[in-house]
Amino acid sequence: MSAAEETLALLLRVEGVPAPEREWRFHPKRRWRFDFAWPAEKVAVEVEGGIWTRGRHSRPAGYQADCEKYNEAALMGWRVLRVVPEHVDSGEAIGWISRALKETPHAD
């Protein structure tokens with residue numbers, strides 16, 4: 001777990017956001033996982049690291065693989081919020097997550 005993921009997990013608890021599943025495998029055939037997921041609401045969060053250091057998510061092959069993953073998730077009805085450490089630190093990520101969970105009808 002990255003430092004930003006640890007911080008986000010702590011902030012979720014502090015802010016009283018319902019506990020997410022961690023490393024949630026959402027696809028029946030692929031090994032794709034979300035960093036944080038609320039399966040009943042089909043809301044997920046991916047903390048994208050290494051964007052300033054040409055990490056995996058910003059290199060061509062990694063970016064292409066992420067597009068495939070996020071498109072498949074969208075086609076399965078998932079709302080995927082992508083955040084970077086600065087969004088976690090500023091509180092924007094918590095705001096987006098809270099809004100997404102409130103705006104998503106709960107499954108019966």
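This note goes through the sheet, the helices on it and the nonpolar cores of a predicted model.

1. Sheet layout. The model has an open sheet of four strands, ordered S1-S2-S3-S4, with mixed pairing. Strand S1 (21-25) and strand S4 (79-83) are the edges, and each of them pairs on one side only. Direction ignored, neighbouring strands in this sheet are turned against each other by 40° on average.

2. The S2/S3 pair. Strand S2 (residues 33-38) pairs with strand S3 (residues 43-47) in the antiparallel sense, over three bridges. Phe36 has Val45 in S3 as its bridge partner. Both residues return in point 4.

3. Helices on the sheet. Helix H2 (residues 60-75) lies across S2, S3 and S4 and runs at about 145° to S4. Helix H4 (residues 92-103) also packs on the sheet, where it touches S2, S3 and S4. The direction of H4 makes about 175° with that of S4.

4. Main core. The largest nonpolar core contains 17 residues. Leu8, Leu12, Phe36, Trp38, Val45, Val47 and Ile97 have the most contacts inside this core. Two or more residues come from each of helix H1 (3-14), S2, S3 and H4. H4 gives the largest share, five residues.

5. Trp38. Leaving aside residues up to four places away in sequence, Trp38 touches Leu12, Val17, Pro18, Ala19, Pro20, Val43, Val45, Trp78, Ile97 and Leu101. Among these contacts, Leu12, Val45 and Ile97 are also listed with Trp38 among the residues with the most contacts in the largest core.

6. Second core. A separate core of seven residues includes Phe26, Trp32, Ala37 and Trp78. Trp78 is also one of the residues that Trp38 touches.

7. Length of H4. The twelve residues of H4 should span 16 Å at 1.5 Å a residue, and the end C-alpha atoms of H4 are 16 Å apart, so the two values agree.

8. Faces of H4. Which residues of H4 are buried? They are Ala93, Ile94, Ile97, Ser98, Ala100 and Leu101. These residues lie on the same side of H4 because they cover an arc of only 165° around the axis. Arg99 and Lys102, on the other side of H4, are exposed.

9. Cover of H4. The elements that cover the buried residues of H4 include H1, S2, S3, S4 and helix H3 (85-90). Of these, S2, S3 and S4 are the strands that H4 touches where it packs on the sheet.

Definitions and conventions. Residues are numbered from 1 along each chain as its sequence is written. This is a predicted model: local features need pLDDT of at least 70, side-chain atom pairs count only at pLDDT 80 or more; totals for chains, interfaces and linings use all residues. Side-chain values use heavy atoms; hydrogens and water are left out. Two strands pair if DSSP finds at least two bridges between them. Axes are lines fitted to C-alpha atoms, for helices over the stretch in contact, and angles run from 0 to 180 degrees between N-to-C directions. Contact means heavy atoms within 4.5 Å. A nonpolar core is a set of buried Ala, Val, Leu, Ile, Met, Phe, Trp, Tyr and Cys residues joined through side-chain atoms within 4.5 Å. Buried means under 20% relative accessible area, exposed over 50%, partly exposed in between (1.4 Å probe, protein chains only). The expected span of a helix is 1.5 Å times one less than its number of residues. The arc is that of the directions from the helix axis to the C-beta atoms.
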